[in-house]
Amino acid sequence: MRCLSVPALAGAALIPLLLLGATGCSGESEGAAVAPAAAPAVPIDDGAPGADEDPAALPREVRPAAVKEAHVGDSVRVRGREVGRHLQVVLAAFVDPAVSVEPNFVPPAGKRWVAASMSFVNVGGASYGALGRMWAHDSAGKRHPVVRTGELTTGKPLVFDSLEVGERAEGWVVFEIPESARIVRVQYQDANMQANSGGGFWAV
C-alpha cells in the first residue's frame with residue numbers, strides 16, 4: 001500500500017450536495033456491495049469531445065505547453081472560462097488501494113479502488129459553482145472517472161456544491177480501476193472549460 005499523509009489544511013467549508021455532477025458506478029459486477037446511502041454524487045466520463053485526445057496521455061516531450069503536471073502536495077491554479085472563476089487546487093495525498101470504512105463494501109471482482117485527497121479554495125472574485133470533472137490516468141493511457149464509495153479509512157469524501165470567495169472544500173475522491181492497472185496521474189478539469197483546454201494534472 002502506498003499512502004502519503006495529508007498535510008494540515010485550513011478549516012473546510014463543506015457544503016453538502018454533489019461532487020462534479022451526479023453519477024455512480026455503472027455496470028456493477030455481480031457480488032459488488034451496495035454503496036452507503038450517505039455517499040455523495042460523483043462525475044463520470046461523459047464522452048466529451050477530445051476524450052480520445054487527452055494531452056496528459058501524450059509523451060511529456062510533445063504535450064501542449066498549457067498542460068502543467070504537478071506532484072502530490074503541489075498547488076495548481078485552475079482558471080474557468082467565466083470571469084472570476086479561479087480555484088487553487090491541491091492533491092494532498094494519494095492512496096492505493098483505498099478501503100471503505102464499511103467492511104462489506106468493496107470493489108467488484110477484478111477491480112480495486114485508488115483515492116486522492118483534494119483541496120479546493122476559491123481564489124477568484126466571484127462565487128464558484130459546481131466542480132468540474134476528475135480522472136485517474138493509468139500507464140496504458142486510459143482514464144478512469146470518480147466513483148461513489150462513501151467514507152474511506154483515510155477520511156471523508158469530498159462534498160462540494162459551491163464556494164464563496166476564500167472558502168475551501170476538501171476530502172477524498174475515489175477511482176475504480178482494474179487490478180492490473182497502474183495509475184500515473186490524476187486530472188481535474190474545470191466544468192466551464194472546453195475539453196482538454198484547462199485544468200491540472202498531478203503525477204502520482
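This is a predicted model: local features need pLDDT of at least 70, side-chain atom pairs count only at pLDDT 80 or more; totals for chains, interfaces and linings use all residues.
Modeller: Local features here need pLDDT of at least 70, and side-chain atom pairs count only at pLDDT 80 or more. Residues are numbered from 1 along each chain, and side-chain values use heavy atoms, without hydrogens or water.

Colleague: How many aromatic pairs does a search of the whole structure find?

Modeller: The search finds 3. Rings of Phe, Tyr and Trp (its six-membered ring) pair if their centres lie within 6.5 Å; planes under 30 degrees apart are stacked, over 60 edge-to-face, the rest tilted.

Colleague: What makes Phe105 and Trp113 a tilted pair?

Modeller: Their centres are 5.0 Å apart and their planes 55 degrees. That angle falls between the two cut-offs, so the pair is tilted.

Colleague: Why is the pair of Phe120 and Tyr188 called edge-to-face?

Modeller: The centres lie 5.3 Å apart and the planes meet at 65 degrees, so edge-to-face it is. Phe120 lies in strand β5 (residues 111–122) and Tyr188 in strand β9 (residues 183–189), so the pair ties together parts 68 residues apart in sequence. Strands are DSSP runs of E, at least two residues, numbered from the N terminus.

Colleague: How do you know whether Phe120 is buried or exposed?

Modeller: Buried means under 20% relative accessible area, exposed over 50%, partly exposed in between (1.4 Å probe, protein chains only). Phe120 has 0%, so Phe120 is buried. Tyr188 is also at 0% and buried.

Colleague: Which residues do ring pairs link into a cluster?

Modeller: Phe120, Phe160 and Tyr188.

Definitions and conventions. Helices (H or I, at least four residues) and strands (E, at least two) are DSSP runs, numbered from the N terminus.
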